[in-house]
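This report describes a sheet and the elements around it. Please look at the model below before reading on.

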Amino acid sequence: LKMDSIEDWIKNINKSNRLILVEGRKDEINLKKLGVKNKIITVSNKPLTFIEHIIEDVIILTDLDFHGRKLYSILRHNLQKRGIKIDKTFREFLFKQKISHIEGIKL
């Protein structure tokens, strides 16, 4: 995937058509505002209650702070245990861009 900008990142997320897991409502709202068309699930207070319903590969976009990394780890572990693949490409792009909060992404 060619990703040199947030615009490329959004275009590639939309092309992937994958389910996106985010921490909070603000993250979901910001992604929609940026033009992300994928289905988004907010997991903040219920990270494990919905996992059994996920049957497709996902993109996990939790924040890159302590809490977000911990939540990412829990989600990744439990989803992989069920055979669900996690697409790390988009999260790694944010790391490289030094973007730490999903609600803070701007065009």
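In what order do the three strands form the open sheet? The order is 2-1-3, and the pairing is parallel. Strands and helices here are DSSP runs, numbered from the N terminus (strands E, at least two residues; helices H or I, at least four), and two strands pair if DSSP finds at least two bridges between them. Strand 2 (40-42) and strand 3 (58-61) are at the edges with a single partner strand each, so one side of each has no neighbour in the sheet. From one strand to the next the twist averages 25°; axes are lines fitted to C-alpha atoms, for helices over the stretch in contact, and angles run from 0 to 180 degrees between N-to-C directions.

This is a predicted model, in which local features need pLDDT of at least 70 and side-chain atom pairs count only at pLDDT 80 or more, while totals for chains, interfaces and linings use all residues. Residues are numbered from 1 along each chain as its sequence is written, and side-chain values use heavy atoms, with hydrogens and water left out.

| Pair | Bridges | Sense |
|---|---|---|
| Strand 1 and strand 2 | three bridges | parallel |
| Strand 1 and strand 3 | four bridges | parallel |

Within strand 1 (residues 19-22), Leu 19 and Leu 21 point one way, Ile 20 and Val 22 the other way, and all are buried (under 20% relative accessible area, 1.4 Å probe, protein chains only). Ile 20 stands opposite Ile 40 in strand 2, and Leu 21 stands opposite Ile 60 in strand 3.

Helix 2 (residues 25-34) lies across strand 1, strand 2 and strand 3, and runs at about 160° to strand 2; contact means heavy atoms within 4.5 Å. Together, strand 1, helix 2 and strand 2 form a right-handed β-α-β unit: with the strands pointing away from the viewer, the path from the first strand over the helix to the second runs clockwise.

Terms used. Buried means under 20% relative accessible area, exposed over 50%, partly exposed in between (1.4 Å probe, protein chains only).
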